[in-house]
Structures are given as C-alpha cells and as structure tokens.
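Morning, everyone. Please bring up the sequence and the model, and we'll walk through them together.

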Amino acid sequence: MGYTIRVKEELIPGQTTMMVIEAPQIAKKAKPGNFVMLRVSEHGERIPLTIADCDAEQGTVTIVYLVVGKTTAEMNTLKQGDQFMDVCGPLGKATHIEKSGTVVCVGGGTGIAAMHHIAKGHVEAGNRVIAIIGARSKNLLLFCTELSSFCPEVRIATDDGSEGHKGFVTEILKDILETEDEVAEVVAIGPVPMMEAVCRVTLPFGTKTTVSLNSIMVDGIGMCGACRCTVGGKTLFACVDGPEFDGHQVDFGELKSRLWQFKKQEEESMELFSK
Ligand code: FES
C-alpha cells in the first residue's frame, strides 16, 4: 500500500513545494515537532521532513520541502494522486507545549512551515503566540495566510523591504523582548545561521529558546550518526534526542561545519538523476 498525495502545491515555483499526503495512522498520532521519513520508491533514499500540519479527521499530514537535491527533485516529479512508497512516523520527540503565557515563534525559509505546526499547538494550549516570519523577499514568504488564520499577531521581515520590516527577524524579536512584559519562550526554526542569531538575541534576556535541528538529519532513526550535535557539552542525536533543543546549549560552530558534509555526494547523485 502506498501513501497517496491528495494535494500538491508549488508554493515557490521550482523551489518549494507543499504536499498533503494520506497517512491516517500518522495523522492520528502526530504532534507539533514530529517528523516523518519518506521514500519515493523501492530504491529511493529515505528523507526526513518535519510535519507542517496534520488533520486526524481527514487522515492527512502536510509536508513542505525545498527542492535542493536528487530526492527532492524526484519528489517534485510526483503529481496529485501519485503515491509515496513509504511514509514512516511520527518520529522524533514532540515539542514540549504547556500553557506558559506569551510565546514568540520565529520561522525562516521552509522552517516557517514546521514552525506553523508548533505555533498552532501553542495557540491550542491557550498561549498568546507572536509569530515572526522572514524571507529575502515578499514572494518567498511561506504560510503567511495559514499562520494568520489562527494567530492574530504575525510580524514579517524581508531583506528587501517588499513586505513588513526591512531587515531581519531578529530585529523584530529584539524589539518584542524589549517591550513585552514577559516572554515565556522563543521557538526558532529555519536556517542554522538564523537560529544562531535568534539565540544570540535571547541570551542577554535569559529567555528560554528552543531551536529545531531537523535540517541535519539523514536516516532519521539514530543509525547513521549524521545528526550528531553537541548540546550542553553532551553528544546527542537530533533524530532521536530532538530534533528540538535548548538553543543556548547548542554548539552552533560545530553544527555549521557539519551542515554540508554530504554536499559532494549530493551533487553526484543530482548529476546522475538529471541525465
Ligand atoms: Fe542518522 Fe540521526 S539522522 S543518526
């Protein structure tokens, strides 16, 4: 049995795609922060993707991916009605969500989609959520409408000023931390440099900061070691110990040096796929 793609939408043509996939067992159990492992075909690579949304009644999970390599390019050839061979999950530890007050959720790039699920969880738990999303330009902003449907406070930053604040999400965040009475937690999901910058901003305020290291995962089941990271001086694995961690404890220097460790293999694989 395969997993049927019920909806496929190119959010940014040729670059970022959203799929709603029929996976009723996963949809029943998935929580914000969980991820799934997908495989297009028998000889395909398994790839981990954070769940952007799920609907237990419809039996669907939503994923959003950036077309960066061979597998995501192959995924992009699938159409509505086609099937994935495997969708396995929910995996990873779910986000710790409790009623805590004001929570600021920061998202960048495709991380906005994963952040959207977590922001929704915080709203459902009764927290006041301020969402901050950022992109280079207005047409690269994701999930703006979806976030606004349940979160009245969505702030936007674009590098070129085509929408919202001209500049970085961290500038909006700093302003919020300086003006709000109390922020219980900041959650950041996006490119590693963005998450590192968020942690640098929150540290002097002593605000609890959670980051998601989903982007360094490969096999997603604790076997390959690719997602090894140092958190609070301990060696941990993003896929089984996370993917979310206390951002102030993460060794970002080490993380950045490991990010492109499979770049060469990925390029070779993409070259073969394109032939
Ligand atoms: Fe392979 Fe975590 S992704 S060990």
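Let's start with one pair of residues. L38 has V87 of strand 8 as its bridge partner. Keep in mind that this is a predicted model.

Now widen the view. L38 and V87 are a bridge pair, and strand 3, residues 35-39, is joined to strand 8 by 4 bridges. Those two strands run antiparallel. They belong to an open sheet of 3 strands, in the order 4-3-8, and the pairing is antiparallel. Which strands sit at the edges? Strand 4, residues 47-50, and strand 8, residues 86-91. Each of them pairs on one side only. On average, neighbouring strands in this sheet are turned by 25° against each other, direction ignored.

Next, a single threonine. T72 is in helix 2, which covers residues 70-75. Is T72 buried or exposed? Its relative accessibility is 8%, and the cut-off for buried is under 20%, so T72 counts as buried. What does T72 contact, leaving aside neighbours within four places in sequence? The answer is I47, Y65, L66 and V67.

On to the nonpolar cores. The largest one has 36 residues. Inside it, V104, V106 and L213 have the most contacts. Helix 6, residues 192-202, gives the most to this core, with 6 residues. The core also draws on two domains: at least three residues come from each of domain 1 (3-91) and domain 2 (102-213).

Take V106 as an example. Not counting residues up to four places away in sequence, V106 touches M115, I132, V169, V186, V187, A188, I189, M194 and V198.

Last stop, helix 6. How many of its 11 residues are buried? The count is 9, and the helix is mostly covered. The buried ones are V192, M194, M195, E196, A197, V198, C199, V201 and T202. Note that E196 and T202 are on that list. So is M194, one of the residues V106 touches.

What do these buried residues pack against? Three strands are involved: strand 9 (102-108), strand 13 (185-189) and strand 14 (208-212). Then come two helices, helix 5 (169-179) and helix 8 (252-258).

That's the tour. Over to you for questions.

Technical notes. Residues are numbered from 1 along each chain as its sequence is written. This is a predicted model: local features need pLDDT of at least 70, side-chain atom pairs count only at pLDDT 80 or more; totals for chains, interfaces and linings use all residues. Side-chain values use heavy atoms; hydrogens and water are left out. A nonpolar core is a set of buried Ala, Val, Leu, Ile, Met, Phe, Trp, Tyr and Cys residues joined through side-chain atoms within 4.5 Å. Buried means under 20% relative accessible area, exposed over 50%, partly exposed in between (1.4 Å probe, protein chains only). Domain bounds come from an automatic or database domain assignment. Contact means heavy atoms within 4.5 Å. Two strands pair if DSSP finds at least two bridges between them. Axes are lines fitted to C-alpha atoms, for helices over the stretch in contact, and angles run from 0 to 180 degrees between N-to-C directions.
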